[in-house]
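Me: Here is a protein with a ligand. I would like to know what the terms used for it rest on.

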Amino acid sequence: MENLFRLADQDQDFFQRKWTLVNGPVIVGAGPSGLATAACLKEQGVPFVVLERADCIASLWQKRTYDRLKLHLPKQFCQLPKLPFPEDFPEYPTKRQFIDYLESYAKHFDINPKFNECVQSARYDETSGFWRVKTIVTSDSNKTEFEYVCRSLVVATGENAECVLPDIEGLSEFGGEVIHACDYKSGEKFKGQKVLVVGCGNSGMEVSLDLCNHNASPSMVVRSSVHVLPREIFGKSTFELAVLMMKWLPLWLVDKLMLILAWLVLGNIEKYGLKRPSTGPLELKNTKGKTPVLDIGALEKIRSGDINVVPGIKRFSGGQVELVNGEKLDIDSVVLATGYRSNVPSWLQEGEFFSKNGYPKASFPHGWKGKAGLYAAGFTRRGLSGASSDAMRIAQDIAQVFKDETKQLRMRTVARHRRCISLSQF
Ligand SMILES: Cc1cc2nc3c(=O)[nH]c(=O)nc-3n(C[C@H](O)[C@H](O)[C@H](O)COP(=O)(O)OP(=O)(O)OC[C@H]3O[C@@H](n4cnc5c(N)ncnc54)[C@H](O)[C@@H]3O)c2cc1C
Ligand SMILES: NC(=O)C1=CN([C@@H]2O[C@H](COP(=O)(O)OP(=O)(O)OC[C@H]3O[C@@H](n4cnc5c(N)ncnc54)[C@H](OP(=O)(O)O)[C@@H]3O)[C@@H](O)[C@H]2O)C=CC1
Ligand SMILES: O=C(O)C(=O)Cc1c[nH]c2ccccc12
């Protein structure tokens, strides 16, 4: 073991080796969850390696979100452990402020991820008791394969790792521009266009609102149902109210109260084609991961008719979409606000802790720790506050194991040293 560590510390180029033994965990993903875990490990004095497929930290926020995005939960629910947001941050920080905070967070804790390094596979080797993590490193001119060997593995690739692209008849031959919401930056280039926005989650609603603000005409597809809640109720954050109520009341009752309050503030929204699901908003978030829409202005545009709510899609055909009610609309472009999925099943060779949908089988607060040094950060369906809580638990646990192992190693080394000294006396 000591020899292996000594080997791993030697100069890579000298040995032309394609693998590294990592002292401490490998963290996959340098988003908020990976960074928070790394920061908590730093505080505990545990070394680690962070692998990130993109060329920057928080790539979801830097590369796959639109310009006018703001956090939609109040700031106290979105800051990461050990370093609060700057005091002058507004209640709902902008995307730029959040990215700046994450950059300074990484700098503060001296977290230096290995960028452009995409994890292709990870498996636990029972015989050696090590995880083997294979990556492909992409540089300007070539691709190189690497392998990391480690005792523990933190999966922090996120709930939004890949875009969901629906397979709808005729879409590939539609003719106009078709993008996923993750590539939508601003409504600027859609000015004057008729745009079909597929999906009515927070992305669909906010893209539709942004399109209106840029003088485009969005039609938003609502194929099933959606919970729309006001972002604030009588000046107080709806999310904060729900969290407060959850301290005293059961979930079902909080859900009922939220719906009564939403009705008082928003009125009946079903008449605009926004049917509510039969399950309450918090229960739906917990069980299915479906986030309620926190309205920041789209509803007003729906009421005024600037956003046209339409039912599900039957098929696309040259410049047109046919809806399930038989109606046909002329459209210029399509924005697929159809959501995201985890990519864990595509690279983690393990079937006990993670389920086929790429989330841990155990639900919050039990889904952070698997067997044989496997951990998951950021799969709680509780946004950034869930990520923070995972990170703290994981770092605590890894630090405990790491310190015990290091102590044993030190004791063995001292014992060996003593044996050498006593032998040398003969
Ligand atoms: C538009 C949008 C707005 C949101 N707003 C909020 C909000 O206001 N409040 C809130 O609490 N939550 C919000 N969320 C939820 C969001 O999940 C969290 O904000 C947060 O980004 C989760 O962090 P994460 O690190 O778990 O995942 P991510 O931020 O997705 O980071 C995961 C990282 O892993 C990397 N990665 C993935 N696969 C691999 C691989 N195979 N190898 C190497 N690296 C890999 C990715 O490139 C990425 O950088 C929002 C989500 C979206 C999409
Ligand atoms: N300001 C903020 O903080 C923002 C936060 N977010 C967060 O990002 C995460 C992802 O949100 P979002 O991108 O909206 O994804 P969601 O998964 O929340 O919503 C996807 C939407 O697409 C619909 N859909 C999927 N496939 C089809 C199809 N074939 N035809 C018609 N409709 C379809 C779904 O309908 P159905 O329900 O019927 O399946 C649903 O309405 C959420 O957690 C959200 O809160 C997003 C934007 C802004
Ligand atoms: O914005 C998101 O994607 C989140 O996951 C934040 C969030 C966590 N729990 C919620 C409950 C209601 C609304 C938003 C969230």
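Reply: Start with a definition: a salt bridge is a side-chain nitrogen of Lys or Arg within 4 Å of a carboxyl oxygen of Asp or Glu. This is a predicted model, in which local features need pLDDT of at least 70, side-chain atom pairs count only at pLDDT 80 or more, and totals for chains, interfaces and linings use all residues. Residues are numbered from 1 along each chain as its sequence is written, chains are lettered from A and ligands numbered from 1 in the order in which they are written, and side-chain values use heavy atoms, without hydrogens and water.

Me: Why is the pair Asp210 and Arg68 called a salt bridge?

Reply: The closest N and O atoms of Asp210 and Arg68 are 3.9 Å apart. The limit is 4 Å, so the pair counts as a salt bridge. Across the interface of domain 1 and domain 2, the rule finds one salt bridge.

Me: How do you know where domain 1 and domain 2 are?

Reply: The domain assignment (automatic or from a database) gives 19–161 + 342–415 for domain 1 and 166–337 for domain 2. Their contact (heavy atoms within 4.5 Å) takes 15 residues from domain 1 and 21 residues from domain 2.

Me: What makes Arg53 a polar contact of ligand 1?

Reply: A polar contact is a pair of N or O atoms within 3.5 Å; within protein, one must be able to donate a hydrogen and the other to accept it, and residues adjacent in sequence count only if both atoms are side-chain atoms. A polar side-chain atom of Arg53 lies 2.9 Å from an oxygen atom of ligand 1, so the pair qualifies. For Trp61, a polar side-chain atom is also 2.9 Å from a ligand 1 oxygen.
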